[in-house]
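Here's a friendly walk through one protein chain, piece by piece. Have a look at the sequence and the model first, then read on.

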Amino acid sequence: MTQFSVLVTRKLPSSVLDRLRAAATVDLYAGDAAIAPQELRARIADKDALVCLLTDAIDAGVMDAAPSLKVIANVAVGYNNIDVAHARARGIVVTNTPDVLTESVADFTWALILAITRRLSEGERLLRRGAWKGWALDFMLGTELKGKRLGLVGLGRIGRAVAARAPAFGMRVAYTSRREATIANAEFMSFDRLLNTSDVVSLHVPLTEETRHLVDKKALARMKRSAYLINTARGPVVDEAALAWALQQHLLAGAALDVYENEPAVHPDLLGLENVLLVPHLGSGTTETRTAMADLAIDNVIAVLGGRAPLTPVP
Ligand code: GLV
């Protein structure tokens with residue numbers, strides 16, 4: 001059998017790499033940061049497959065530098081980093097890693113909802129700087145979730161898994177999406193009505209031309225002044241400068257962000273605000289889930305190189 005060769009742009013768990021090495025020749029980029037575009041183009045030139053991360057921009061130029069490329073396996077569910085139209089035109093299969101991260105991201109979304117409404121990061125910052133004067137009845141009060149409305153923007157796998165956890169916290173669920181769906185105990189509504197009426201607005205849409213800056217100044221101004229915005233989807237879905245402005249103007253009560261417009265940079269105005277919780281893109285970040293994501297990506301590569309259908313091609 002021909003020995004296929006695969007470029008892997010970042011270290012993967014060793015058990016996963018071993019499986020790939022048993023099936024193909026592996027060229028592993030072992031740097032600590034994302035592979036530089038020049039190096040990516042040079043190293044992909046003779047490869048049959050690419051295993052990449054959401055931090056790698058896989059554009060037409062990268063693909064065209066690799067005449068034998070057959071499959072691009074993104075180790076992420078989002079694939080906005082890949083020019084899928086160009087891949088399709090070239091006959092290159094593109095795969096992502098849905099399902100295996102759904103529960104992990106849904107748990108994490110709830111971690112953010114609870115943390116921002118109960119002021120966890122703000123409280124920890126205060127304690128660590130020695131500013132805690134002791135317990136007081138009216139000290140650092142948060143907001144209760146029971147009886148409040150959770151507004152989900154997007155009702156894919158992750159949105160549904162977030163909705164499924166809502167009854168545990170006594171929240172009613174509303175959602176907006178391109179299509180009305182059947183989901184128990186969740187009310188479909190327009191984006192504007194959802195913004196107007198939700199106490200927590202959580203984003204679960206992919207980044208596309210349609211969703212870029214979906215949450216802009218106008219959208220933020222529609223939110224309740226007591227409401228919170230949660231983003232575990234993709235940074236550019238929110239206009240970060242507009243969000244910083246809206247938080248400064250107290251147009252909403254707070255925001256919890258896992259993703260940013262220009263990662264790893266964060267809008268400097270957000271860094272100084274107390275009513276924002278900022279974490280470094282950790283949504284799917286458990287050992288179990290990240291291993292499952294890498295495993296699925298490798299399974300996709302092995303399937304395509306073996307002449308079989310990929311398990312999870314992008315739609
Ligand atoms: C992470 O952000 C992913 O898309 O998997």
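## Two helices side by side

Helices α1 and α12 pack at an angle of about 10°, and their axes are 9 Å apart. The axes here are lines fitted to C-alpha atoms, over the stretch in contact for helices, with angles running from 0 to 180 degrees between N-to-C directions. That angle makes α1 roughly parallel to α12, because angles under 35 degrees count as roughly parallel, over 145 as roughly antiparallel, 65 to 115 as roughly perpendicular and the rest as oblique. On the α1 side, the contact is made by V16, R19, L20 and A23, while α12 brings in T291, A294, D295, I298, D299, V301 and I302. Contact means heavy atoms within 4.5 Å. Helices (H or I, at least four residues) and strands (E, at least two) are DSSP runs, numbered from the N terminus.

Before going on, a word on the model: it's predicted, local features need pLDDT of at least 70, side-chain atom pairs count only at pLDDT 80 or more, and totals for chains, interfaces and linings use all residues. Residues are numbered from 1 along each chain as its sequence is written, and side-chain values use heavy atoms, with hydrogens and water left out.

## A closer look at A294

A294 is found in helix α12. Is A294 buried or exposed? It's buried, with a relative accessible area of 1%; buried means under 20% relative accessible area, exposed over 50% and partly exposed in between, using a 1.4 Å probe and protein chains only. Leaving aside residues up to four places away in sequence, A294 touches L12, P13, V16 and V75. As for S68, 226 residues away along the chain, its C-alpha atom is separated from that of A294 by 23 Å.

## The open sheet

Now for the strands. Five of them, in the order β2-β1-β3-β4-β5, form an open sheet with parallel pairing. Two strands pair if DSSP finds at least two bridges between them. At the edges stand β2 (25-28) and β5 (93-95), each with a single partner strand, so one side of each is left without a neighbour in the sheet. From one strand to the next, the twist averages 15°.

Strand β1 (residues 5-8) pairs with β2 in the parallel sense over 4 bridges, and V6 stands opposite V26 in β2. Helix α1 (residues 14-23) packs on this sheet, touching β1 and β2, and its direction makes about 135° with that of β2. Helix α12 (residues 287-305) lies across β1, β3 (49-52), β4 (71-74) and β5, running at about 170° to β4.

Which strands pair with β9? One is β6 (residues 149-153), parallel to β9 over 4 bridges, with S202 as the bridge partner of L152. Another is β10 (residues 228-231), which also runs parallel to β9 and is joined to it by 4 bridges; there, V201 stands opposite L229.

The loop between β9 (200-203) and α9 (217-222) holds T211. At 10% relative accessibility, T211 counts as buried. Not counting residues up to four places away in sequence, T211 touches V205, P206, P236 and V237.

## Rings that meet

How many aromatic pairs are there? The count comes to 2, where rings of Phe, Tyr and Trp (its six-membered ring) pair if their centres lie within 6.5 Å, and planes under 30 degrees apart count as stacked, over 60 as edge-to-face and the rest as tilted. W110 and F169 have ring centres 4.6 Å apart and planes at 15°, so they're stacked. This pair links distant parts of the chain, 59 residues apart: W110 is in helix α5 (residues 102-117), and F169 is in the loop between α7 (157-165) and β7 (172-176). W110 is buried at 4% relative accessibility, whereas F169 is partly exposed at 31%.

Y175 and F188 form an edge-to-face pair, 5.4 Å centre to centre and with 65° between the planes. Y175 lies in strand β7 and F188 in strand β8 (residues 186-188), so the pair ties together parts that are 13 residues apart in sequence. Y175 is buried, with a relative accessible area of 1%, and F188 is partly exposed at 30%.
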